[in-house]
Amino acid sequence: MAVRGQRPKFYKTGAIPIHGMKVHYVAGVAYDSNVYLLEDEDPVLVDTGTGMYADTALEEVSNIVPLKRIGRIVLTHSHYDHMGGAKAFQEATGAKLYLHEAEAKPLMAGDTSLTVSDMFGQRFKGIEVEPLRTGQRLKLGKTELQVLHMPGHSPGSVALYDPVGASAIVGDTVFCNGGVGRWDLPGGDLAELRSSVNRLRELGLKNLYPGHGSYAEGDAKMHLDMAAGYIAEAY
Ligand SMILES: [Zn+2]
Ligand SMILES: [Zn+2]
């Protein structure tokens, strides 16, 4: 732990003392998803909430990096609680939006069922996104993320995986303390969700950043094991 006014001796001046990516957490309010800012040369935002609290989320983000430096916003999936704020976030940053190709077309067409916008009582016109492919890499600077396809909660859910830091941003596939995403929404599938949770377990993650609630740093394995135990029993 660094002491104020005193540089830790084992870092060279100017060196960045980070293993893996630097993640900032903006907790979701009410139904809003969490927003994550991945800080690096090319910072990336992940998820945008419903948009109801976009101003406060963007203000928090702007305290860390200037908004105009953010060139990419990745949606972990297209549910309204993650994507409703996309327009406001785009306007504030000028960033491009990215979403897995399995959900890109329906989102652009304004599908209110797959995006569960209808559940939120929102009409939604569709929004332009760049499709993400399974296995695609996103370079942020020192950090390079892999796009892992994690269907089950929704057909195009992804995890953004940082192998160096053993970290993943996982959307609604899995939550802390043994929670998993719903599989009963349009395009959801229990068997796929089970397989996605198990694939996350096999990564040997230390840090887990879910789309709602708290995150886990250091003890991701415990949370993933709990989730796998829970979903093994689910039907
Ligand atoms: Zn969600
Ligand atoms: Zn969701």
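Six strands form an open sheet in the order S1-S2-S3-S4-S5-S6, with mixed pairing. Strands pair if DSSP finds at least two bridges between them. S1 and strand S6 (130-132) stand at the edges with a single partner strand each, so one side of each has no neighbour in the sheet. On average, neighbouring strands are turned by 25° against each other, direction ignored.

This is a predicted model: local features need pLDDT of at least 70, side-chain atom pairs count only at pLDDT 80 or more, and totals for chains, interfaces and linings use all residues. Residues are numbered from 1 along each chain as its sequence is written, while chains are lettered from A and ligands numbered from 1 in the order in which they are written. Helices (H or I, at least four residues) and strands (E, at least two) are DSSP runs, numbered from the N terminus.

**Sheet and its helices**
- S1 and S2 pair in the antiparallel sense over five bridges.
- Tyr25 stands opposite Tyr36 in S2.
- H1 packs on the sheet and touches S1, S2 and S3. Its direction makes about 150° with that of S1.
- Helix H4 (residues 101-108) lies across strand S5 (96-100) and S6, running at about 120° to S5.
- Axes are lines fitted to C-alpha atoms, for helices over the stretch in contact, and angles run from 0 to 180 degrees between N-to-C directions.

**Helix H1 (residues 54-62)**
- Ala54, Ala57, Leu58 and Val61 are its buried residues. They lie on the same side of H1, because they cover an arc of only 95° around the axis.
- The arc is that of the directions from the helix axis to the C-beta atoms.
- Asp55 and Glu59 are exposed on the other side of H1.
- Buried means 20 or more other C-beta atoms within 10 Å of a residue's own, exposed 12 or fewer, and partly exposed in between, with C-beta atoms placed from the backbone.
- The buried residues of H1 pack against strands S1 (22-26), S2 (35-39) and S3 (44-46) and helix H3 (86-93).

**Helix H6 (residues 220-233)**
- Ala220, His223, Leu224, Ala227 and Ile231 are buried in H6. Their arc of only 95° around the axis puts them on the same side of H6.
- The face turned away from that buried side carries exposed Asp225, Gly229, Ala232 and Glu233.
- Helix H5 (190-202), strand S11 (207-210) and strand S12 (216-217) pack against the buried residues of H6.

**Contacts of Leu45**
- Leu45 touches Val35, Leu37, Val61, Ile70, Ile73, Phe89 and Ala95, not counting residues up to four places away in sequence.
- Contact means C-beta atoms, placed from the backbone, within 7 Å.

Methods: Contact = placed C-beta atoms within 7 Å.
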